[in-house]
Amino acid sequence: MTTVAVAQEKKLSNEGDFVKESVEYLKTHIKDAISQKGAAFVGLSGGSTPVPVYNKLFSEDLDWSKVHIFEVDERYIEETNKDANTLLIKKAIAEGGHSPASLTYPKANLPLEESVKKYEDDLKALLNGNPADVLVLGMGPDGHIASLFPTVSDALLEETKLVTHTTTEKFAVFDRITITFPVLCAAKAKVFLMKGDDKYTVWNEMKTSAINPARWPAHKVLASGATS
(Lines give C-alpha, C1' and ligand atoms only; values in the text may rest on other atoms or scores of the structure.)
Protein backbone atom coordinates (compact mmCIF):
# COMPACT_ATOMS: atom_id res chain seq x y z
CA MET A 1 0.00 0.00 0.00
CA THR A 2 1.35 3.42 -0.97
CA THR A 3 0.55 6.24 1.42
CA VAL A 4 1.05 9.97 1.17
CA ALA A 5 3.91 11.84 2.85
CA VAL A 6 3.51 15.21 4.58
CA ALA A 7 6.55 17.46 4.47
CA GLN A 8 5.94 19.27 7.75
CA GLU A 9 3.45 18.74 10.52
CA LYS A 10 2.99 20.38 13.91
CA LYS A 11 0.57 19.41 16.64
CA LEU A 12 0.20 22.28 19.09
CA SER A 13 -1.23 21.96 22.57
CA ASN A 14 -3.04 25.29 22.97
CA GLU A 15 -4.92 27.94 21.03
CA GLY A 16 -2.31 30.64 21.58
CA ASP A 17 0.49 28.59 20.05
CA PHE A 18 -1.79 27.51 17.21
CA VAL A 19 -2.56 31.11 16.28
CA LYS A 20 1.03 32.28 16.71
CA GLU A 21 2.56 29.51 14.62
CA SER A 22 -0.08 29.85 11.90
CA VAL A 23 0.32 33.61 11.62
CA GLU A 24 4.12 33.37 11.52
CA TYR A 25 3.89 30.79 8.73
CA LEU A 26 1.63 33.04 6.66
CA LYS A 27 3.68 36.16 7.37
CA THR A 28 6.86 34.44 6.26
CA HIS A 29 5.42 33.43 2.91
CA ILE A 30 3.76 36.81 2.38
CA LYS A 31 6.97 38.70 3.14
CA ASP A 32 9.02 36.40 0.93
CA ALA A 33 6.64 36.91 -1.98
CA ILE A 34 6.68 40.69 -1.60
CA SER A 35 10.47 40.66 -1.36
CA GLN A 36 10.87 38.48 -4.44
CA LYS A 37 8.27 39.93 -6.80
CA GLY A 38 6.62 42.91 -5.16
CA ALA A 39 3.27 41.30 -4.35
CA ALA A 40 1.75 38.36 -2.49
CA PHE A 41 -1.30 36.35 -3.56
CA VAL A 42 -2.99 34.52 -0.71
CA GLY A 43 -5.94 32.11 -0.81
CA LEU A 44 -8.08 31.86 2.31
CA SER A 45 -10.60 29.19 3.29
CA GLY A 46 -13.57 29.66 5.60
CA GLY A 47 -14.72 27.81 8.69
CA SER A 48 -14.36 28.54 12.39
CA THR A 49 -10.81 27.17 12.76
CA PRO A 50 -8.89 29.93 10.96
CA VAL A 51 -10.90 32.87 12.34
CA PRO A 52 -8.51 33.76 15.20
CA VAL A 53 -5.59 33.29 12.80
CA TYR A 54 -7.11 35.72 10.32
CA ASN A 55 -7.99 38.22 13.04
CA LYS A 56 -4.37 38.24 14.19
CA LEU A 57 -2.92 38.18 10.68
CA PHE A 58 -4.78 41.31 9.61
CA SER A 59 -3.45 43.13 12.68
CA GLU A 60 0.16 42.44 11.72
CA ASP A 61 2.55 45.05 10.35
CA LEU A 62 2.85 43.98 6.71
CA ASP A 63 2.87 45.96 3.49
CA TRP A 64 -0.82 45.31 2.95
CA SER A 65 -0.85 47.47 -0.18
CA LYS A 66 0.97 44.56 -1.85
CA VAL A 67 -1.13 41.69 -0.48
CA HIS A 68 -3.96 40.30 -2.61
CA ILE A 69 -6.48 37.95 -1.00
CA PHE A 70 -8.79 35.53 -2.80
CA GLU A 71 -11.20 32.90 -1.56
CA VAL A 72 -10.49 29.19 -1.86
CA ASP A 73 -14.21 28.46 -1.98
CA GLU A 74 -17.58 29.94 -1.15
CA ARG A 75 -21.16 28.89 -0.60
CA TYR A 76 -23.51 30.24 -3.23
CA ILE A 77 -25.14 32.71 -0.86
CA GLU A 78 -25.10 36.47 -0.43
CA GLU A 79 -21.88 37.78 1.06
CA THR A 80 -23.83 39.21 4.01
CA ASN A 81 -25.15 35.77 4.98
CA LYS A 82 -23.77 34.57 8.33
CA ASP A 83 -22.46 31.39 6.65
CA ALA A 84 -20.56 33.21 3.89
CA ASN A 85 -16.78 32.95 3.85
CA THR A 86 -16.70 36.44 2.39
CA LEU A 87 -18.36 37.84 5.50
CA LEU A 88 -15.95 35.89 7.72
CA ILE A 89 -12.92 37.33 5.92
CA LYS A 90 -14.31 40.88 5.83
CA LYS A 91 -14.98 40.68 9.57
CA ALA A 92 -11.40 39.54 10.16
CA ILE A 93 -10.09 42.45 8.10
CA ALA A 94 -12.20 44.86 10.16
CA GLU A 95 -11.11 43.19 13.40
CA GLY A 96 -7.45 43.26 12.46
CA GLY A 97 -7.51 46.80 11.16
CA HIS A 98 -5.51 46.36 7.94
CA SER A 99 -7.04 46.06 4.48
CA PRO A 100 -5.34 44.12 1.68
CA ALA A 101 -4.80 45.61 -1.75
CA SER A 102 -7.68 43.51 -3.04
CA LEU A 103 -10.17 40.85 -1.97
CA THR A 104 -11.43 38.63 -4.79
CA TYR A 105 -14.42 36.38 -4.18
CA PRO A 106 -17.43 34.82 -5.97
CA LYS A 107 -20.45 37.08 -6.41
CA ALA A 108 -23.70 35.37 -5.46
CA ASN A 109 -25.81 38.27 -6.78
CA LEU A 110 -25.28 36.77 -10.25
CA PRO A 111 -26.92 33.63 -11.64
CA LEU A 112 -24.87 30.60 -10.62
CA GLU A 113 -23.21 29.88 -13.98
CA GLU A 114 -22.36 33.56 -14.42
CA SER A 115 -20.96 33.71 -10.90
CA VAL A 116 -18.67 30.75 -11.57
CA LYS A 117 -17.46 32.22 -14.85
CA LYS A 118 -16.89 35.66 -13.35
CA TYR A 119 -14.85 34.21 -10.50
CA GLU A 120 -12.82 32.21 -13.02
CA ASP A 121 -12.18 35.40 -15.02
CA ASP A 122 -11.39 37.42 -11.89
CA LEU A 123 -8.96 34.81 -10.61
CA LYS A 124 -7.24 34.53 -13.99
CA ALA A 125 -6.79 38.30 -14.05
CA LEU A 126 -5.51 38.33 -10.48
CA LEU A 127 -2.99 35.52 -10.79
CA ASN A 128 -2.08 36.27 -14.41
CA GLY A 129 -0.76 32.77 -15.02
CA ASN A 130 1.28 32.71 -11.80
CA PRO A 131 0.83 30.39 -8.82
CA ALA A 132 -0.63 31.61 -5.56
CA ASP A 133 2.02 32.24 -2.93
CA VAL A 134 0.23 30.56 -0.05
CA LEU A 135 -3.11 28.84 0.52
CA VAL A 136 -4.91 28.21 3.80
CA LEU A 137 -6.83 24.94 3.67
CA GLY A 138 -8.88 22.80 6.01
CA MET A 139 -10.40 19.35 5.91
CA GLY A 140 -13.98 18.37 6.61
CA PRO A 141 -15.09 15.30 8.56
CA ASP A 142 -15.72 13.52 5.25
CA GLY A 143 -12.25 14.43 3.97
CA HIS A 144 -13.29 17.29 1.68
CA ILE A 145 -10.96 20.19 1.03
CA ALA A 146 -12.03 23.55 -0.42
CA SER A 147 -15.45 22.53 -1.79
CA LEU A 148 -14.14 19.36 -3.41
CA PHE A 149 -16.25 16.62 -1.87
CA PRO A 150 -15.56 12.88 -1.99
CA THR A 151 -16.09 11.01 -4.15
CA VAL A 152 -14.36 13.47 -6.52
CA SER A 153 -15.19 12.70 -10.14
CA ASP A 154 -12.53 11.85 -12.71
CA ALA A 155 -13.57 14.94 -14.64
CA LEU A 156 -12.98 17.17 -11.62
CA LEU A 157 -9.65 15.50 -10.85
CA GLU A 158 -8.53 16.40 -14.38
CA GLU A 159 -10.25 19.81 -14.54
CA THR A 160 -8.11 22.51 -16.19
CA LYS A 161 -10.30 25.50 -15.33
CA LEU A 162 -9.37 27.45 -12.20
CA VAL A 163 -12.90 27.54 -10.77
CA THR A 164 -15.84 25.17 -10.82
CA HIS A 165 -19.30 24.57 -9.34
CA THR A 166 -19.77 21.68 -6.92
CA THR A 167 -22.63 20.49 -4.74
CA THR A 168 -23.02 18.85 -1.35
CA GLU A 169 -25.93 17.31 0.50
CA LYS A 170 -23.91 16.74 3.70
CA PHE A 171 -23.25 20.33 4.68
CA ALA A 172 -24.97 23.71 4.71
CA VAL A 173 -25.73 25.23 1.30
CA PHE A 174 -26.02 22.81 -1.63
CA ASP A 175 -24.27 24.89 -4.30
CA ARG A 176 -20.60 25.80 -3.93
CA ILE A 177 -18.01 27.68 -5.98
CA THR A 178 -14.46 26.47 -5.53
CA ILE A 179 -10.97 26.72 -6.92
CA THR A 180 -9.75 23.52 -8.53
CA PHE A 181 -6.67 21.31 -8.36
CA PRO A 182 -4.63 23.38 -10.84
CA VAL A 183 -4.71 26.32 -8.39
CA LEU A 184 -4.38 24.15 -5.28
CA CYS A 185 -1.47 22.10 -6.53
CA ALA A 186 0.43 24.94 -8.18
CA ALA A 187 0.50 27.13 -5.06
CA LYS A 188 4.00 27.73 -3.73
CA ALA A 189 2.91 26.88 -0.19
CA LYS A 190 -0.15 25.16 1.27
CA VAL A 191 -1.01 24.90 4.95
CA PHE A 192 -3.80 22.81 6.47
CA LEU A 193 -5.17 24.33 9.68
CA MET A 194 -7.21 21.97 11.87
CA LYS A 195 -8.32 21.81 15.48
CA GLY A 196 -9.87 19.08 17.59
CA ASP A 197 -9.45 15.35 18.02
CA ASP A 198 -12.08 14.59 15.38
CA LYS A 199 -10.15 16.49 12.71
CA TYR A 200 -6.89 14.90 13.81
CA THR A 201 -8.48 11.47 13.43
CA VAL A 202 -9.64 12.25 9.89
CA TRP A 203 -6.22 13.71 9.02
CA ASN A 204 -4.45 10.58 10.23
CA GLU A 205 -6.87 8.35 8.34
CA MET A 206 -6.14 10.33 5.18
CA LYS A 207 -2.38 10.08 5.70
CA THR A 208 -2.38 6.34 6.27
CA SER A 209 -4.82 5.44 3.50
CA ALA A 210 -3.77 4.14 0.11
CA ILE A 211 -3.40 7.02 -2.32
CA ASN A 212 -6.83 7.76 -3.73
CA PRO A 213 -7.51 11.42 -4.59
CA ALA A 214 -11.13 10.66 -5.44
CA ARG A 215 -11.70 9.57 -1.83
CA TRP A 216 -9.11 11.90 -0.30
CA PRO A 217 -8.66 15.03 -2.46
CA ALA A 218 -5.89 16.14 -0.08
CA HIS A 219 -3.75 13.33 -1.53
CA LYS A 220 -3.49 15.21 -4.82
CA VAL A 221 -2.52 18.43 -3.06
CA LEU A 222 0.02 16.76 -0.78
CA ALA A 223 1.61 15.02 -3.76
CA SER A 224 2.30 18.45 -5.30
CA GLY A 225 4.65 19.28 -2.39
CA ALA A 226 5.23 22.43 -0.32
CA THR A 227 2.50 21.45 2.14
CA SER A 228 2.37 21.82 5.91
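Which residue of β5 is the bridge partner of Val42? In this predicted model, the partner is Val134. The two residues belong to β1 (residues 40-44) and β5 (residues 134-137), parallel strands that are joined by 2 bridges. On its other pairing, β1 runs parallel to β2, and 5 bridges connect these two strands. One of the residues involved is Leu44, whose bridge partner in β2 is Glu71. In general, the strands of a sheet pair through backbone hydrogen bonds, and the pairing may be parallel or antiparallel.

These strands are part of an open sheet of 5 strands with parallel pairing, arranged in the order β4-β2-β1-β5-β8. The edges are formed by β4 (102-104) and β8 (190-192); each has a single partner strand, so one side of each is left without a neighbour in the sheet. On average, neighbouring strands of this sheet are turned by 20° against each other, with direction ignored. Helix α4 (residues 112-127) packs on the sheet and touches β1, β2 (67-71) and β4. The direction of α4 makes about 155° with that of β2.

Strand β1 is largely enclosed by the rest of the structure, because 5 of its 5 residues are buried. Burial applies to both faces of the strand. Ala40, Val42 and Leu44 lie on one side, while Phe41 and Gly43 lie on the other.

A second open sheet contains 3 strands in the order β3-β7-β6, and its pairing is antiparallel. Here β3 (73-75) and β6 are the edge strands, each pairing on one side only. The twist from one strand to the next averages 20°. Between β3 and β7 there are 3 bridges in the antiparallel sense. Asp73 stands opposite Thr178 in β7.

The loop between β6 (163-167) and β7 (175-179) contains Val173. Val173 is not a glycine, yet its phi is positive, at about 70°. With a relative accessibility of 23%, Val173 counts as partly exposed. Another residue of the loop between β6 and β7 is Phe171, which is paired with Phe149 in the loop between β5 and α5. The two residues are 22 residues apart, and the pair links distant parts of the chain. The ring centres of Phe149 and Phe171 are 6.0 Å apart and the ring planes lie at 25°, so the pair is stacked. The count of aromatic pairs comes to 3. Phe149 is buried at 10% relative accessibility, whereas Phe171, at 27%, is partly exposed.

Two further backbone features occur in loops. Most residues other than glycine have a negative phi, and most peptide bonds are trans. Asn128, in the loop between α4 and β5, has a positive phi of about 55° although it is not a glycine. Asn128 is exposed, with a relative accessible area of 61%. The peptide bond from Pro150 to Thr151 is cis, and its omega is near 0°. Thr151 is located in the loop between β5 and α5 (154-157).

Helix α7 (residues 197-208) consists of 12 residues. From its first C-alpha to its last, α7 reaches 16 Å, close to the 16 Å expected at 1.5 Å a residue. The buried residues of α7 are Val202, Trp203, Met206 and Lys207. Seen down the helix axis, the buried residues of α7 fall within an arc of 135°, so they line one face of the helix. An α-helix has 3.6 residues a turn, so residues three or four places apart point the same way. The face of α7 turned away from the buried side carries Asp197, Asp198, Thr201 and Thr208, which are exposed. The cover over the buried residues of α7 includes β8 and α8 (218-223).

Note on methods: Residues numbered from 1 in each chain as written. Predicted model: local features only at pLDDT ≥ 70, side-chain atom pairs only at ≥ 80, totals over all residues. Heavy atoms only, no water. Pairing = 2+ DSSP bridges. Helix = DSSP H or I, 4+ residues; strand = E, 2+ residues; numbered from the N terminus. Axes fitted to C-alpha atoms, helices over the stretch in contact; angles between N-to-C directions. Contact = heavy atoms within 4.5 Å. Buried < 20%, exposed > 50% of the residue type's maximum accessible area, 1.4 Å probe, protein only. Expected span 1.5 Å × (residues − 1). Arc of directions from axis to C-beta. Phe/Tyr/Trp six-rings, centres within 6.5 Å; stacked < 30°, edge-to-face > 60°.
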